[in-house]
Amino acid sequence: AQVLKEHPVDAIRFVATSATRDAENREIFEQMMIDELGVRPEVISGTEEAALSFLGATSVVSRDELQPPYLVVDLGGGSTELVLGGDGDCLPAHKVSAAYSMNVGSVRMTERHLHTDPPTEEEIQAAIEDIDKHIDDAFKVVPAGRARTIIGVSGTVTTMAALTMGLQHYDHTAVDGVHIGLEQAYAVNNRFLRMPRDCRRTYATIHPGRVDVVGGGAVIWSRVLERLAKAAYEDHGGVLDTFVASEHGLLDGITLDLGRKLLATR
């Protein structure tokens, strides 16, 4: 609120996602934001969240560099969005053709299944079965096999990318746009999924607030990547063996969308 008072702004947009969608007391939170900032939060649907993530992720994409269609994966704490778009023919890079929001995320999977430190094989298998059921539902809506490029956004994806790169400290400039091999990603995801929390804390690359839930994010990320690669091969015989990590996602999409709406009124 103080920052807003110190800087002139044309518009304020406050967007809330999965945690607020699920909250039983969301009205209290919304009123608090109205009192503090003078704006009511937009509690957006999973589908709109997916579209905004896709807009942000593809805003810096060049068709000369990455082959469309693009499948953007936004792996959050409470939900994971799969968004297909930019079909390589008539759809522009930022245009969504299909989207689905899965009710799985790093926090949700940890709370739902990964109770032991480190998690047991039974807990991991239960998490995988849960994730696969959600992916099955997502693939009924999103023809994921058509994808030629996977773009991963969110803290889980970029953190795991940084760990795969062997960075000693997180460096967003090094991570943004990096291509990571799927086999490398599987190995690192599996390692940190099965690693005790105290060991994870020794890695400066992992934000302290992510230490407890990074395993839940890692198992989701591995299953999504593996299922996407399989779907692509079955659809067109193509080999998806890398993904692109991006620092551009939901926040970028929210800002771009607001900017377009403001320009349209002038």
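The model is predicted; local features need pLDDT of at least 70, side-chain atom pairs count only at pLDDT 80 or more, and totals for chains, interfaces and linings use all residues. Residues are numbered from 1 along each chain as its sequence is written, and side-chain values use heavy atoms, with hydrogens and water left out.

I checked both faces of β4. T80, L82 and L84 are buried on one side; E81, V83 and G85 are buried on the other. In a regular strand, side chains alternate between the two faces of the sheet.

Next, the partners of β4. Strands are DSSP runs of E, at least two residues, and two strands pair if DSSP finds at least two bridges between them. β3 (residues 70-75) pairs with β4 in the antiparallel sense, over six bridges. A hairpin of four residues joins β3 to β4. I found L75 opposite T80. β5 (residues 96-102) also pairs antiparallel with β4 over six bridges, and L84 stands opposite A98 there.

Then the helices (DSSP runs of H or I, at least four residues). α6 (residues 121-141) and α11 (residues 214-236) pack at about 45°, axes 10 Å apart. I looked up the contacts (heavy atoms within 4.5 Å). I128, I131, D132, I135, D136 and F139 of α6 meet V219, I220, R223, V224, R227, L228 and A231 of α11. By class, I noted nine nonpolar, no polar and four charged residues in this contact.

Key. Axes are lines fitted to C-alpha atoms, for helices over the stretch in contact, and angles run from 0 to 180 degrees between N-to-C directions. Ala, Val, Leu, Ile, Met, Phe, Trp, Tyr, Cys and Pro count as nonpolar, Asp, Glu, Lys and Arg as charged, and the others, Gly among them, as polar. Buried means under 20% relative accessible area, exposed over 50%, partly exposed in between (1.4 Å probe, protein chains only).
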